[in-house]
Amino acid sequence: MRLLMNAELSTTYAEWKKVYDGHTWARDEANMKEFLVNWCEEDQRIYVCYDVESMEVIEKFMVKHAEVIASSGHKQETTVVKVLSD
C-alpha cells in the first residue's frame, strides 16, 4: 500500500533530514520503499511517501523507533497518514 505522511517539526528541515537520512537502515529493515521526502515551507510540514506492506508495518515502525523520531524534531502528535492506494 502507498502512504503519504506529513507532520510538523520542532527543528529545522535540515536538522530533521540529517537524522532521517541516518536512519535509512531501519526503513530498509521494515521494507518501507521511499518515494518522496520533502518540506513544504507554506504549511511548515514534512511530507514523506512510502510503499509498505500494511498499516501494521508503519505503526510498529513508529513505536519501535519513537525515540529517534522524536529526537529528529518530528512532532508525532501532528502526524497525518493518508492511504493513497491499497
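This is a predicted model: local features need pLDDT of at least 70, side-chain atom pairs count only at pLDDT 80 or more; totals for chains, interfaces and linings use all residues.
1. Helix α3. The buried residues of this helix are V57, I58, F61 and M62. Viewed down the axis of α3, these buried residues fall within an arc of 130 degrees, so they line one face of the helix. That buried set packs against β1 (2-8), α2 (24-29), β3 (45-51) and α4, while the face turned away from the buried side carries the exposed residues K60, V63 and K64.

2. Residue V63. V63, which has its place in helix α3, counts as exposed because its relative accessibility is 66%. From C-alpha to C-alpha, V63 and E42 are 29 Å apart in space, with a separation of 21 residues in sequence.

3. Residue H65. In the loop between α3 (55-64) and α4 (66-71) lies H65, and its relative accessibility of 8% places H65 among the buried residues, the cut-off being under 20%. Leaving aside residues up to four places away in sequence, H65 touches H23, W25 and A26; with H23 there is a polar contact of 3.0 Å between the two side chains.

4. The structure holds seven salt bridges, one of which joins the side chains of R45 and E8 at 3.4 Å, N to O. This pair links distant parts of the chain, with R45 in strand β3 and E8 in strand β1, 37 residues apart. The side chain of E8 also meets that of K75 in a salt bridge of 3.7 Å, N to O; since E8 lies in strand β1 and K75 in the loop between α4 and β4 (80-85), the pair ties together parts that are 67 residues apart in sequence. R45 is buried at 12% relative accessible area, whereas E8 is partly exposed at 31% and K75 is partly exposed at 28%.

5. K17 forms a salt bridge with D21, in which the closest N and O atoms are 2.8 Å apart. Both residues lie in helix α1 (residues 13-22), where K17 and D21 are four residues apart, about one turn of the helix. K17 is partly exposed, with a relative accessible area of 23%, and D21 is partly exposed as well, at 40%.

6. Aromatic residues. Three aromatic pairs are found in a search of the whole structure, and Y13, W16, Y20 and W39 form one aromatic cluster. The charged end of R27 sits over the ring of Y20, 3.6 Å from its centre, and R2 lies over the face of F35, at 3.8 Å from the ring centre.

Methods:
Residues are numbered from 1 along each chain as its sequence is written. Side-chain values use heavy atoms; hydrogens and water are left out. Helices (H or I, at least four residues) and strands (E, at least two) are DSSP runs, numbered from the N terminus. Buried means under 20% relative accessible area, exposed over 50%, partly exposed in between (1.4 Å probe, protein chains only). A polar contact is a pair of N or O atoms within 3.5 Å; within protein, one must be able to donate a hydrogen and the other to accept it, and residues adjacent in sequence count only if both atoms are side-chain atoms. Contact means heavy atoms within 4.5 Å. Rings of Phe, Tyr and Trp (its six-membered ring) pair if their centres lie within 6.5 Å; planes under 30 degrees apart count as stacked, over 60 as edge-to-face and the rest as tilted. A charge sits over a ring if NZ of Lys or CZ of Arg is within 6 Å of the ring centre and within 35 degrees of the ring normal. The arc is that of the directions from the helix axis to the C-beta atoms. A salt bridge is a side-chain nitrogen of Lys or Arg within 4 Å of a carboxyl oxygen of Asp or Glu.
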